[in-house]
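User: I'd like to understand the words used for this structure. Could you take me through them, setting each term against its cut-off?

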Amino acid sequence: MSSSKSEAAAKPSNLISGDTGDWEVVIGLEVHAQVASNAKLFSGASTEYGAEPNSHVSLVDAAMPGMLPVINRECVAQAIRTGLGLNAQVNLKSIFDRKNYFYPDLPQGYQISQYKQPVVGEGKIEIDVDGEALTVGVERLHLEQDAGKSLHDQHPDYSYVDLNRSGVALMEIVSKPDMRSAKQAQAYVTKLRTILRYLGTCDGDMEKGNLRADVNVSVRKPGTELGTRCEIKNVNSIRFIGQAIEVEARRQIEIIEDGGKIDQETRLFDPARGETRSMRSKEEAHDYRYFPDPDLLPLELKQDYVDGLQQHLPELPDEKRSRFMKDFGLSAYDANVLVAERPSADYFEQVAQGRDGKLAANWVINELFGRLNKEGKDIAASPMSADQLGSIVDLISSNAISGKIAKDLFEIVWSEGGDPATIVEARGMKQVTDTGALEKAVDDIIAANPDKVEQAKAKPSMLGWFVGQVMKGTGGKANPAAVNEILKQKLGI
Amino acid sequence: MTDLTKLTLSQARDGLVAKKFSARELTDSFLTAIDKGNAALNAYVLPTPEHARAQADESDKRLKSGNARPLEGLPLGNKDLFCTNGIRTTACSKILGNFVPAYESTVGQNLWNAGGVMLGKLNNDEFAMGSSNETSAFGNVVSPWRRIGKNGKPSTDKLVPGGSSGGSSAAVAADLCLAATATDTGGSIRQPAALTGTVGIKPTYGRCSRWGIVAFASSLDQAGPITKTVRDAAMMLKVMAGHDAKDSTSVDMPVPDYEAVLGKGVKGLRVGVPNEYRVDGMSAEVQKLWDDGIAWLKAAGATIHDISLPHTKYALPAYYIVAPAEASSNLARYDGMRYGLRVNGSNLTETYEQTRAEGFGKEVRRRILIGTYVLSAGYYDAYYLKAQKVRTLIKRDFDDAWNTVDVMLTPTTPSPAFAAGEKSGDPLAMYLEDIFTVTVNMAGLPGISVPAGLSSQGTPLGLQLIGKPFDEETLFRTAQVIEDAAGRFAVPDRWWIKG
């Protein structure tokens, strides 16, 4: 972990207080993101999740004698798209190396990875923590093969191996040690995940292990040299990343304050016990004997090809947020909420298209998201389409229905479906704005309540009582503003 | 009927087409020869007679209906490094045990698709590591050639057939097949060809697919044929070569009709003679052989040019870093987990150690250790990286030389065949067998060995021609001139046939 070029002064809010004063935690992340692709990195076997053990294994994946890897071009394209999405340098020449070690779930006896010359170089990710913006540097992105899975709980004497994952393409995305708090690290992973999902290059499903992180943590007194780091392997949820950093930073501070020193080592986070524990020390580290894989030619790309991928890159969350703020007049907060997931943003945009953006955002965020959250549903599973919600927004904008009726209408469309405009017509929910009809209703109330009329003339705030009566009389369908106007006129106040 | 096993590949092809004999008769002649002769030579580790007869019968049908393919009905041997679908493949190592692949190598498939008949799997040095076929788990291969003693009688010393394709060279020289597949990482086609009076060509790296061939050193391994004549080699390579999408290092270039260039001669061809190949300890008879070659080519109208390949002396040491490094990684898959031998220990590490200690022979273990060492942290730059730089310089030497010459002529080996045991205790002496051949692999160039004479003891010697990348055609037409001038060298006596 090398120190960043420009070190900003440590922020007091990020510091951890110890017995000997304040400490700063320094965090770098290596995120392993499974490339979204139908086939593996170097074989045609399927990458489908949850299949029977060893049912998606080609001769190459099982490392049969004489088998050779052939690069899956789509995986390369996905890595380049990701690099472009991280504003990173795409290297037109990169090399696949062999990382040699023995383990039963590694059939070749080596992992094909990129060591000295990765496909993507330096980039950056903008994050936002409690309204504060921060740029986290990306050191590199490289492609590599996943290993298989060892199953130790299937037989009393033997371990079993499932090679379905063996050879699946991973992108290892290495950050610079630019983060200074667990929250920042969580925001980084969240943002990275959002970008990957926007790009369609990784589904970001952490439960399936499709996105996992190795977390490098060290502590130091603010302004001093970097401390010795420990690497916490394979943390598989954003919550655990936060917890792991916090307990590891505490552990290191306690050791140093007790006069000890930190050993560089690989550790594992145990969420049940809320602690990290040693996996292997530096001395036990493997000598991976990296060397260029002679079965593969250097990966050479044409600038035109990269440019073509760049042209077809989707709009990314940062750009989308700015556009939403500019085009729809949204607040930064609302825009952030909407762009966090591409399907939500797309949904909103469909609702907002040709309509009042702020009104659309209100309905999407407050009503729709609220309702989805309550029912634990994903936007993709929303019973209400963007067109349906848009139609509700239209009915509100044209004063066809009141805000109160709109909420009733939302309920009906949510649970029963159907075209909102038709429902409004059929069920007589339309707001009465016809002046003639409203005047008649007002006249009726005035005629029936001469005493109230007198009171109102003396006390104009009594107007509210009349509005209420008219609304009651029309079953809530009267346009309150119109009723107000007519009443003022008729009562002469 | 004459002895069909004495035919060359092209003669047999013509005989089949002319219906002088059937494919089945031809195959049966070879099966009989194997039956009677293999015990003494140990060229085949697994004859496959039923498989051969079935293929031959199919060929007869095609020959009858006039649908003959280029190698229709021609009986071939297949080096045990080539994976064969449904037929045991071991690379002549204990570690593969009774491994039966569920796939056929691309080169093998090309041969069978062209009508070739597989007689069986041929012996080789374990994982192709050796120059004498003494490292095979199935035992030595014995050359059909014998030295003539001072008394004028054949010596009983068992000569080596070269290696690693010793089964291939011995089987072709002893008429146990018409032609054979082979592989060449540092000389494993050309050196055994030279030691047995046969023709062997290692094509340009990338010309033949490596898919389905047990890997030794991926950046150096190439398949090629060992045959009785230059024409036969042209016939074989035409079928074996070609682009294969399953091998990223295979090259997508059309494969010329190599037979068509035979007989075009060498008039005006610029032949380079590299100074650096005049090494210490080269015997006078090898020097004379080289001079003969020069004279034959000159007489046929070629011009001879002294050239320099200054980095030649670094080729062998660099080769013995690069090849073991790649091998140490390529052989990591033989871990006892999925196929082949497993020796169970009390834990995982012990299982790995015992399996690999028992499964690999001494020479393979030696190279794995060398390879592991040169790739280790702290040694990588000094060994592997430096060796790769040497390799670049060797390539540059050749690139420069091609400005002034079209082909190069050298001896294939510094000396004729030696007896089993003579060098097996001295790895360095054994490694020197490759001194004239490794540079060609390091530079990825094509090289052919052609029989050119006999030593004072009556054993064969070969000359090597080195060509420009993908210019195998020039090698074939030049080799034909040498073959025409030198004549063919058949083993004088079939002492190995029993009964």
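Predicted model: local features only at pLDDT ≥ 70, side-chain atom pairs only at ≥ 80, totals over all residues.

**Terms and what backs them**

User: What makes residues of helix 12 of chain B buried, and which are they?

Analyst: The buried ones are B:Y383, B:Y384, B:A387, B:R391, B:I394, B:D397 and B:F398. A residue is called buried if 20 or more other C-beta atoms lie within 10 Å of its own, exposed if 12 or fewer, and partly exposed in between, with C-beta atoms placed from the backbone. Residues are numbered from 1 along each chain as its sequence is written, with chains lettered from A and ligands numbered from 1 in the order in which they are written.

User: What do those buried residues of helix 12 of chain B pack against?

Analyst: They pack against helix 9 (315-330), helix 11 (362-375) and helix 14 (438-443) of chain B, together with strand 15 (291-292) of chain A. Helices (H or I, at least four residues) and strands (E, at least two) are DSSP runs, numbered from the N terminus.

User: How does the span of helix 12 of chain B compare with what is expected?

Analyst: Helix 12 (residues 381-401) has 21 residues, and its first and last C-alpha are 29 Å apart, close to the expected 30 Å. The expected span is 1.5 Å times one less than the number of residues.

User: How many residues of chain B are in contact with chain A?

Analyst: 32 residues of chain B are in contact with 24 residues of chain A; contact means C-beta atoms, placed from the backbone, within 7 Å. Helix 9 of chain B gives the most to its side, with three residues.

User: What makes strand 4 of chain B mostly covered?

Analyst: Six of the six residues in strand 4 (residues 179-184) are buried. B:A179, B:T181 and B:T183 lie on one side, and B:A180, B:A182 and B:D184 on the other.

User: Why are strand 4 and strand 6 of chain B said to pair?

Analyst: Two strands pair if DSSP finds at least two bridges between them. Strand 4 and strand 6 (residues 222-227) of chain B have six bridges, in the antiparallel sense, so they pair. B:A179 stands opposite B:T227 there.

User: What is the confidence in chain B?

Analyst: Chain B averages a pLDDT of 97, and 100% of the residues score at least 70; pLDDT is the predictor's confidence in each residue, from 0 to 100.

Technical notes:
Contact = placed C-beta atoms within 7 Å.
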